[in-house]
Amino acid sequence: MSADVELNNISVTFGSFYAAKNVSVKINQGEFFSFLGPSGCGKTTLLRAISGFLDPSEGKVLIAGQDMAGIGPNKRPTSLIFQNLALFPLMSVSENIVFSLEVRGVGKQERQKRADELLDLIALSGQGDKKVHELSGGQRQRVAIARALAIEPKVLLLDEPLSALDLKLRQKMRTELRAIQKRVGITFIYITHDQGEALTMSDRVAVMNEGELEQVGLCDDVYDFPHTPFVATFVGENNPFYGKVVSVEGDKIRVESHNNTFVAKSGKTGDGKNHSFSTGQEVIMFIRPESIFIKNENTQLDNTFKARVNTVEFEGNIKNIYLKINSKMNVRFSVPNAVDTSNLSNNKDIELTFSSQKAVVLPKGSLAVD
Amino acid sequence: MLDLSFRPNLPPLLRGGPDDVHTLVHYKHFIFGSETSEDAYNYVDIGVFLNTIITAILVTVLNLCFCYPIAFYMAKVAKPNSARLLIVALIIPFWINELLRSFALRILFAGEGVINNILISIGFIDTGINFIAMDIALYTGLTYAYILLMIFPLYNAIESLDTNQLEAAKDLGSSTFRTHWRIVIPHAKAGIASGCTMVFMLTAGALATPVVLSSPNTYWFTQLIYQWFNMNDNWSRGSAYSILLLSVSVVFVLLMMRIFKVKIGEIIR
């Protein structure tokens, strides 16, 4: 059984500090939903409010339509997976997994049966008698998942459980987590600061900053249509072009920036409408590194600009090329590894091009600081 | 002292002479009493010895029950500032000499002492309770005397427990009692064993507190040892009795290690 989770205007304050501010979001039944944001943005606070370890100062948490106020974490239909997993080191793997059944007075035989089932689910059959410290990092991760699933919660809450793993294992666990979620079919609420994790696993993501929701939406929508400069720069890489609106033609905005005039599409607001811009307004136009190309006979899009090559950086599957438009404006673009960049020597002036469909104009606002 | 306990009590001139041989006479005296006595066993000394050990065990258990919640509160519940304040409040009384602390308790518990006066004035009782004759004063004094030696090992052990484990247990539906039983106590067992052994040994070996607070009918084994050494000038018998007390303390330590399945290194840590 799965349940939906509704956060109704949640605020959490510590003294005069807002750890979360007026957060309202509805997470659907059976959905894989991620809260994505930098550290200290309030995402863990929200998770603790959902799990019951923290009472929101204002607002309500509803799980399956039921108000959770006054219901402790041991009585909620949620299970939490901690960042450090918090497995019990003095118990065996099986004892860990069925601890929730033990405290509910389930008999030993039934517990053993359930432990074996769950060990099968996480592909650790026959390893139930081991102690936790005898397992590898990835295996411990899976034990923590099994332990959380043992009581068949309606909602599983995950607090950056992959952050301690190395890259390869993390990528493997992403796929595995997603597969487990599909198999058990319950609502997963995932907290992370790693946008790669959020985008690969989730059905929808909520981007948070300083305690507030910046944007909630499908992964590709958040990536392609950021609502705020923060989202544009926190999710994925982006080049911010500061400038002024020259003219507005429907959803096409003409922007002057660094002595170039670009055409870009208008960014959207939270309710799906275009931002309204006026001539002369200060804006930022965002264009992603992978949407910029070197201009040649075959590649000519509706925006072009000139820049000087600064450095070429090899990253494996892609190459990053850092350019200077002038002393104030740096631009980065990336090309697949196969592209020949031997002609891009330092200080060479080149011409670049990008499509107005890939550039987004947003009102001026604060960017995500790396 | 071990050697002395196996030698007869001789006047100084005869020591090292032909009569100064190894003998079990003092241990025999502990069990069977003096040769002039009509009883089959030395009921008085054995009684005092058993009473001391049993009371010391009771005091240790009492101490553990009392200190565990305090230590847990300090380690996991209290905010850092109030935990520090609590530690100071616990330590300050121990700046005062043990003898003085015992006398202070005597003043509290005396027939016309502070506690009785308060109880009478609020009309709870009509006549004063004889706390000292009932040995309540003694138990309180002994429990309080070594409270820090129980609290600090417990505090250290509980403090090192990852707080997330407590939350994880709670999240999985565990009640407070069960979380303590399955998570906190197993984690803190080395601290519990360490605190219990220290409190037991010091309680069984206490002298000042029993002298000041025990009822006229209660004798503490250390008082006997003191008498053999100082009043009867029988050092070898005093030694034998001391060795007996020491042996029981060592057995107690080994027993605690067995019960809590900890190694000596963990206790010392």
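Here is a friendly conversation about a predicted model and the names given to some of its features.

Student: Let's start with Ser11(A). Why is Ser11(A) called buried?

Tutor: Its relative accessibility is 1%, and buried means under 20%, so Ser11(A) counts as buried. You will find Ser11(A) in strand E1 of chain A, residues 5-14.

Student: What does Ser11(A) touch, leaving aside residues up to four places away in sequence?

Tutor: Its contacts include Tyr18(A), Ala20(A), Asn22(A) and Pro56(A). With Asn22(A), the side chain of Ser11(A) reaches the backbone nitrogen at 3.0 Å; the cut-off for a polar contact is within 3.5 Å.

Student: Now the sheet. In what order do the 6 strands of the open sheet run in chain A?

Tutor: The order is E6-E7-E8-E3-E9-E10, with mixed pairing. From one strand to the next, the twist averages 15 degrees.

Student: What makes E6 and E10 of chain A the edges?

Tutor: Strand E6 (78-81) and strand E10 (212-218) each have a single partner strand, so one side of each has no neighbour in the sheet.

Student: How do you know that strands E3 and E8 of chain A pair?

Tutor: Pairing asks for at least two bridges, and E3 (residues 32-36) and E8 (residues 187-192) share 5 bridges, in the parallel sense. Within E8(A), Thr192(A) stands opposite Leu36(A).

Student: On to charges. What makes Lys172(A) and Glu176(A) a salt bridge?

Tutor: The N to O distance is 4.0 Å, and the rule asks for within 4 Å, so the pair is counted as a salt bridge. The two residues are 4 apart in helix H6 (residues 167-184) of chain A, which means that about one helical turn separates them.

Student: Why is Lys172(A) called partly exposed?

Tutor: The class lies between under 20% for buried and over 50% for exposed. Lys172(A) is at 45%, so it is partly exposed.

Student: Where do Arg178(A) and Asp203(A) lie in chain A?

Tutor: Arg178(A) is in helix H6, while Asp203(A) is in the loop between helix H7 (195-201) and strand E9 (204-209), so this pair links distant parts of the chain, 25 residues apart. Their salt bridge has an N to O distance of 2.9 Å. Arg178(A) is buried at 17%, whereas Asp203(A) is partly exposed at 28%.

Student: Which residues join Arg178(B) in a network of salt bridges?

Tutor: Glu95(A), Glu102(A) and Arg182(B) are linked with Arg178(B) in that network. Over all chains, the count of salt bridges is 19.

Student: Finally, the rings. Why is the pair Phe230(A) and Phe234(A) called stacked?

Tutor: Their centres are 5.5 Å apart with 10 degrees between the planes. Pairing needs centres within 6.5 Å and stacking needs planes under 30 degrees apart, so Phe230(A) and Phe234(A) are a stacked pair. Both residues are buried.

Student: And what makes Phe262(A) and Phe305(A) edge-to-face?

Tutor: Edge-to-face requires planes over 60 degrees apart. The planes here are at 90 degrees and the centres 5.9 Å apart, so this pair is edge-to-face. Phe262(A) sits in strand E13 (residues 260-266) and Phe305(A) in strand E16 of chain A, 43 residues apart. Both Phe262(A) and Phe305(A) are buried.

Student: Which residues form a cluster with Phe262(A) and Phe305(A) through ring pairs?

Tutor: Phe241(A) and Phe354(A) join them in the cluster.

Definitions and conventions
Residues numbered from 1 in each chain as written. Chains lettered and ligands numbered in written order. Predicted model: local features only at pLDDT ≥ 70, side-chain atom pairs only at ≥ 80, totals over all residues. Heavy atoms only, no water. Buried < 20%, exposed > 50% of the residue type's maximum accessible area, 1.4 Å probe, protein only. Polar contact = N/O pair within 3.5 Å; in protein donor to acceptor, adjacent residues only side chain to side chain. Contact = heavy atoms within 4.5 Å. Axes fitted to C-alpha atoms, helices over the stretch in contact; angles between N-to-C directions. Salt bridge = Lys/Arg side-chain N within 4 Å of Asp/Glu carboxyl O. Phe/Tyr/Trp six-rings, centres within 6.5 Å; stacked < 30°, edge-to-face > 60°.
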